[in-house]
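Hi,

Here is the structure I said I would pass on. Have a look at it first, and then read on for my notes.

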Amino acid sequence: MTPSAQTADLLLASATQAGRRAAEYLLSIRRPEGYWWTELTADTTLESDYILLELWLYPPENGVWTAPTRPKIDRAVRSILERQLPDGGFNIYPHGPADLSATVKAYFALKVAGVPMDDPRMVQARERILALGGIQHANSYVKINLSLFGLFPREHCPSVPPEMIVVPGRWIYRMSSWTRAIVVPLAIVHALNPVRPVPAGFNLQELFLPGATFSYRHNEKLFSWRNFFFLADRLLKFLERHHIQAIRRRAIRQCERWMLERTRYSDGLGAIYPPMMYIIMALDLLGYPPDHPDRLEAETQFARLMVDDGERFFFQPCFSVVWDTAIAAFALGESGNAQGALESTADWLLTKEVRRQGDWVVMRPGLEPSGWYFEFANEFYPDIDDTAMVLLALQHARAKNGAAQQATERRALTWLLGMQSKDGGWAAFDADNDWEPLSYVPFADHNAMLDPTCPDITGRVLEAICKSGAVGSDHPAVRRGVQYLLKTQEQDGSWYGRWGVNYVYGAFLALRGLRAAGVSNREAAILRAGEWLRSIQNADGGWGESCAGYDNHTFTPAPSTASQTAWALLGLLASGDVNSLSVRNGIEYLVAAQREDGGWDEPLATGTGFPGVFYLTYHMYRQAFPLLALSEYRKARNGAGA
């Protein structure tokens with residue numbers, strides 16, 4: 001045996017052992033009910049908004065704020081301050097730079113909670129805000145939230161009109177599902193025009209940069225969608241002061257019905273933090289008393305997002321339980337280490353199939369409901385990515401009732417095929433949700449007004465439907481999906497990743513989808529992608545990519561992470577690369593980085609909420625994806641006769 005062959009065999013043995021330990025660790029953290037549920041964490045904006053909501057719910061009395069939740073507010077303050085950067089700002093992803101909007105939110109929350117203005121941490125935060133352009137340059141949602149307390153001029157906030165729900169052509173369904181869930185309750189709040197009290201003498205005047213404009217930025221071109229919506233906003237503000245009260249009342253009531261309907265069969269409106277916060281405000285303004293069942297339910301579901309274990313205090317943006325379960329089960333199944341242990345997981349997943357029509361039916365009427373959502377309950381919003389991932393997991397997880405599982409899988413596959421968009425790709429929640437002009441409305445600066453198709457989800461769907469055995473590579477949906485991926489490949493060989501950071505994520509999923517669809521690894525697109533992945537490998541053998549790439553519109557390197565290293569390896573293995581030095585070094589990195597208990601640590605965020613605005617740390621990613629990569633490597637080596 002040659003030295004190189006001996007080294008390769010030792011690496012294979014190490015990878016096999018590491019995979020076995022990773023599988024044991026994953027099984028050890030599964031819940032007794034059969035599911036996995038790890039924390040989903042974000043930035044300080046959630047804790048800052050919590051303090052704002054507490055100020056709303058428990059207004060000051062006689063100018064003094066003495067909320068009954070003061071102990072939790074104090075813990076939120078400590079949680080925020082623990083993440084302050086050396087320059088005084090607050091970022092939106094670990095190791096990232098100060099973000100203006102996040103810093104304004106934090107400053108407001110800290111100040112209203114009683115941190116003195118002359119505290120060095122407040123002085124630094126204030127200086128950072130002014131250096132970044134002042135409060136005038138914060139995003140729309142920061143301005144709107146502050147305007148509710150008279151802390152930012154309402155006339156300089158974009159309008160969020162409830163009348164959009166009655167505009168002909170189902171205009172609201174042209175927005176992404178998450179935007180819909182946010183703006184409907186927010187439109188009620190906006191229309192009822194509250195000015196909630198703040199502590200006596202409280203203001204944020206010190207954050208206004210002298211000379212900075214309050215106006216929305218409009219396009220220099222006279223005829224543009226941005227200018228159209230800018231003028232429409234001005235017209236709406238004029239009409240609000242005059243003759244639209246009858247229409248407004250009807251629109252508010254329709255918004256009220258819409259949002260309450262979507263709290264049924266769901267753990268909160270949209271089951272995500274922002275609409276869950278705004279519906280509490282909306283119900284309060286609509287006159288729902290604190291003991292009303294709908295308001296109690298809204299506040300209870302919001303409080304469930306809180307993690308307060310005595311040592312840590314933070315909010316999760318939502319629960320990722322179905323997603324975590326599907327990823328973990330698929331990784332275990334692919335590893336061969338599950339040994340029939342996934343029956344309870346399959347049983348649990350089958351209980352989460354959607355059997356009611358949701359918002360998606362507007363674009364796909366007549367399609368039978370199916371699919372899976374992300375959280376514990378969110379019946380109106382099954383998502384395509386989760387559905388594909390669950391179908392992949394169910395290949396290895398067999399339920400007690402085999403006939404029920406087969407029927408569920410058939411329905412889900414049909415639903416996935418029906419949700420393909422016209423361009424051949426798949427999006428997250430809706431089909432053909434790509435009306436670009438909506439990106440120019442004044443309140444669209446959360447950078448996620450639309451839900452267009454993306455390579456990462458398309459790649460995962462192709463893998464799921466092709467591995468199902470019911471759809472072949474010659475199926476029209478598969479052919480269109482392949483063409484979509486080929487035409488969306490970047491010039492450097494990568495693919496954009498909408499829901500994970502970023503080009504590494506997109507490349508790994510596109511390559512797995514193309515392989516499953518039968519595309520030869522000798523095709524130019526596959527070869528280019530492999531070359532690109534090898535070219536961006538870090539010196540330590542791993543891969544890492546920064547969230548800053550979304551702002552830079554190109555791959556931006558970062559320290560190696562377990563999840564991104566696994567993604568890159570999975571992409572290379574899918575491209576047919578098994579024995580390159582890049583693959584060997586990547587496997588060595590994962591083996592060396594593994595903890596004694598079989599898991600991995602990961603300090604960086606590798607998940608994406610809203611590109612450039614909101615990022616996520618999926619604590620399951622660093623556990624499941626390395627196991628999947630180690631398993632794929634072992635199978636590829638054994639399959640090659642190594």
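This is a predicted model: local features need pLDDT of at least 70, side-chain atom pairs count only at pLDDT 80 or more; totals for chains, interfaces and linings use all residues.

Q301 has a relative accessible area of 9%, and since anything under 20% counts as buried, Q301 is buried. Its side chain has a polar contact, at 3.0 Å, with the side chain of R304. If you skip the neighbours within four places in sequence, Q301 is in contact with D267, G268 and M276.

Next, the rings. There are 36 aromatic pairs in the structure. One of them is Y35 with F376, an edge-to-face pair with 5.6 Å from centre to centre and 85 degrees between the planes. What I like about this pair is that it links distant parts of the chain. Y35 is in the loop between α1 (3–28) and β1 (40–41), F376 is in the loop between α13 (343–350) and α14 (384–394), and 341 residues separate them. Are these two buried or exposed? Y35 counts as buried at 10% relative accessibility, and F376 counts as buried too, at 14%.

Y496 and Y503 make another pair: their ring centres are 6.1 Å apart and their planes meet at 75 degrees, so this one is edge-to-face. Here Y496 counts as partly exposed, at 27% relative accessibility, while Y503 is at 6% and counts as buried.

There is also an aromatic cluster, made up of W323, F374, Y505, F508, W567, Y618, Y621 and F625. Two arginines are worth a click as well. The charged end of R356 sits over the ring of Y265, 3.5 Å from the ring centre, and R498 lies over the face of W499, at 3.8 Å from the centre of that ring.

Back to the loop between α1 and β1, where you will also find W37. W37 counts as partly exposed, with a relative accessibility of 22%. Leaving out residues up to four places away in sequence, W37 touches R31, F319, S320, V321, D324 and F376. W37 and H619 are 582 residues apart in sequence, yet their C-alpha atoms are 9.2 Å apart in space.

The loop between α13 and α14 holds N378. N378 is at 2% relative accessibility, so it counts as buried. The side chains of N378 and E375 are joined by a polar contact of 3.1 Å. N378 and L627 are 249 residues apart in sequence, with 29 Å between their C-alpha atoms.

Now for the core. The largest nonpolar core has 218 residues, and Y50, I51, F108 and M259 are the ones with the most contacts inside it. Helix α12 (residues 321–335) gives the largest share of this core, ten residues. M259 touches V184, P185, I188, L269, I279, A282, L283 and L286, if you ignore residues up to four places away in sequence. M259 is also among the buried residues of α9, along with R248, A251, I252, C255, E256, W258 and L260. Helix α9 itself runs over residues 245–261, and its 17 residues reach 24 Å from first C-alpha to last, close to the expected 24 Å.

How many residues of α23 are buried? It is 14 of its 19, so this helix is mostly covered. At 1.5 Å a residue, α23 (residues 621–639) should span 27 Å, and its end C-alpha atoms are 26 Å apart, which agrees.

Most residues other than glycine have a negative phi. N62, though, has a positive phi near 55 degrees, and H95 has a positive phi near 70 degrees. N62 lies in the loop between α2 (45–57) and α3 (70–81), and H95 is found in the loop between α3 and α4 (100–112). N62 counts as exposed at 83% relative accessibility, and H95 counts as exposed at 65%.

Over to you!

Methods:
Residues are numbered from 1 along each chain as its sequence is written. Side-chain values use heavy atoms; hydrogens and water are left out. Rings of Phe, Tyr and Trp (its six-membered ring) pair if their centres lie within 6.5 Å; planes under 30 degrees apart count as stacked, over 60 as edge-to-face and the rest as tilted. Helices (H or I, at least four residues) and strands (E, at least two) are DSSP runs, numbered from the N terminus. Buried means under 20% relative accessible area, exposed over 50%, partly exposed in between (1.4 Å probe, protein chains only). A charge sits over a ring if NZ of Lys or CZ of Arg is within 6 Å of the ring centre and within 35 degrees of the ring normal. The expected span of a helix is 1.5 Å times one less than its number of residues. A polar contact is a pair of N or O atoms within 3.5 Å; within protein, one must be able to donate a hydrogen and the other to accept it, and residues adjacent in sequence count only if both atoms are side-chain atoms. Contact means heavy atoms within 4.5 Å. A nonpolar core is a set of buried Ala, Val, Leu, Ile, Met, Phe, Trp, Tyr and Cys residues joined through side-chain atoms within 4.5 Å.
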